[in-house]
Amino acid sequence: MGNAVRGVIAFIPSERCQRFLVGDLKEMPLDRTLDLSSHQLRRLPVAACVFDELVKLYLSDNNLSSLPAELQSLRKLQLLALDFNSFEELPPAVCRLPQLSILYLGNNRLYRLPRELRELKELNTLWLETNCFSDFPKVVCELTNLKTLHLGYNQIRSLPEELKHLEELRSIWLAGNQLTEFPPVLQGMHFLAVIDVDRNKIRHFPGLSHLQGLKLVIYDHNPCINAPVVGEGVRRVGRWANSSDDEQEKDVTKAVTETTAEVVEGHSEEQNNIKVKEVTPSCGEA
């Protein structure tokens, strides 16, 4: 009976009903962490925003599409998890959290980001995977302290030149997008340690041996005819990754002689095999 009642109440977005779902919120947690994940919330109770010493707030796996303005009173919040919700736009209050350093926004319905996001001067980790971005959100290029960017499983076709200004960026994850060429801007970002372009549509990889900070490049599941040449000690994950340079050259020559139809067919088979593993947001659905 208890679960049945909670299930019904979850569909009533009133403050009183949503407070019933999270229970008593009168005392500040000793570890300054509040976890309200998987509570079927449709709105965040304002009572959760009174703990001005809160450092971590987990709201993952709910039914949230907005947040109250009172959230901005959490001036010391460093981590905010909003993944697996129903956000189509980033709530303005999120951009008014001056100490925020980690922001999880994956598995929502976001298709753009507000200009106000640039006010998050301390943000160093941003997760935007599995959303509805068809264009790279350029405001990200103004997050000068950003070190890790997850943008996998969107519909992005290219990266802007402004990305090179993120000199603190060390890892960029772009798997499952629509890149048809290796992004030129990445070739000039010598400070990158990890580049993930798995499951895109890249047919040819340029040499990357000049990227002195590179430690890992993931390029698997692309219809490519060559592996990226990298410096000593750099790990590659993809076709021909374990071959010597001579073996790679032979393999590339052989691949070039194959018909385009064969290459495309092989790529299509790979994509069909991974469909069950992908999570696709309901972009454009009501």
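**Reading salt bridges and cysteines**

Q: How many salt bridges are there in this model?

A: Look for a Lys or Arg side-chain nitrogen within 4 Å of an Asp or Glu carboxyl oxygen. By this rule, the count comes to eight salt bridges. Keep in mind that this is a predicted model.

Q: Which residue forms a salt bridge with R112, and how far apart are the closest N and O atoms?

A: The partner is E89. The closest N and O atoms are 3.0 Å apart.

Q: Why does the place of R112 and E89 along the chain matter for reading the pair?

A: Check which elements flank each residue. R112 sits in the loop between β4 (102-104) and β5 (125-127). E89 sits in the loop between β3 (79-81) and β4. The pair therefore ties together parts that are 23 residues apart in sequence.

Q: Which side chain meets E142 in a salt bridge?

A: That of R115, at 2.9 Å from N to O. Now place both residues. E142 is in the loop between β5 and β6 (148-150), and R115 is in the loop between β4 and β5. This pair ties together parts that are 27 residues apart in sequence.

Q: What is the relative accessibility of E142, and what is that of R115?

A: E142 is at 28% and counts as partly exposed. R115 has a relative accessible area of 45% and is partly exposed too.

Q: What is the distance in the salt bridge of E161 with K164?

A: The closest N and O atoms are 3.8 Å apart. The cut-off is 4 Å, so the pair counts. E161 is partly exposed at 43%. K164 is partly exposed at 41%.

Q: How many disulfides does the model have?

A: The test is a pair of cysteine sulfur atoms within 2.5 Å. By this rule the count comes to zero disulfides.

Q: Are C49 and C224 buried or exposed?

A: Apply the accessibility cut-off again: buried means under 20%. C49 is at 5% relative accessibility, so this cysteine counts as buried. C224 has a relative accessible area of 3% and is also buried.

Definitions and conventions. Residues numbered from 1 in each chain as written. Predicted model: local features only at pLDDT ≥ 70, side-chain atom pairs only at ≥ 80, totals over all residues. Heavy atoms only, no water. Helix = DSSP H or I, 4+ residues; strand = E, 2+ residues; numbered from the N terminus. Buried < 20%, exposed > 50% of the residue type's maximum accessible area, 1.4 Å probe, protein only.
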